[in-house]
Amino acid sequence: MSIGTGIALFVIGAILAFAINIEVSWANLDLIGYILMGAGAVVFIIGLILVARRRQTNSVTRTSVDPGAGTQTTRRSTSAPDDTTL
């Protein structure tokens, strides 16, 4: 969701900065557009980092020898970060 929010902020900022040529006395729309574009870029990058962190998994492989039977046993486990801890 933050990736989409970042893109939306960037687009709204670009529209304010480049497409609208209205002068208002109480605000500089170009500056507001540039601020929104910067905020959109930051939110987009944070969203990418959070998505990349969420997709990491850890795989552990353990091999041991059963002393009674003399056979080799391999255990594999895969874990991922809990999505509820965001």
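Reader: Why are α1 and α2 called roughly antiparallel to each other?

Author: Keep in mind that this is a predicted model. The axes of α1 (residues 2–19) and α2 (residues 29–54) cross at roughly 165°. Angles over 145 degrees count as roughly antiparallel, so that's the label α1 and α2 get. Their axes come within 7 Å, and the crossing is left-handed.

Reader: What kinds of residues make up the contact of α1 with α2?

Author: Sorted by class, you get 20 nonpolar, seven polar and one charged.

Reader: On to the strands. What makes β1 and β2 count as paired?

Author: The cut-off is at least two bridges between them. β1 (residues 58–65) and β2 (residues 72–79) are joined by eight bridges, so they pair, and they run antiparallel. Together β1 and β2 form a hairpin, with six residues between them. In that turn sits G70, whose phi is positive, about 75°.

Reader: How do you know whether N58 is buried or exposed?

Author: Check its relative accessible area, which is 52%. N58 belongs to β1, and the count of buried residues among the eight in β1 is zero.

Reader: Which residues does N58 touch, leaving out those up to four places away in sequence?

Author: S77, T78 and S79. Take T78: it's 20 residues from N58 along the chain, yet their C-alpha atoms are 5.6 Å apart.

Conventions
Residues numbered from 1 in each chain as written. Predicted model: local features only at pLDDT ≥ 70, side-chain atom pairs only at ≥ 80, totals over all residues. Heavy atoms only, no water. Helix = DSSP H or I, 4+ residues; strand = E, 2+ residues; numbered from the N terminus. Buried < 20%, exposed > 50% of the residue type's maximum accessible area, 1.4 Å probe, protein only. Contact = heavy atoms within 4.5 Å. Axes fitted to C-alpha atoms, helices over the stretch in contact; angles between N-to-C directions. Parallel < 35°, antiparallel > 145°, perpendicular 65-115°, else oblique. Left-handed = near helix turned anticlockwise from the far one by under 90°. Nonpolar A, V, L, I, M, F, W, Y, C, P; charged D, E, K, R; others polar.
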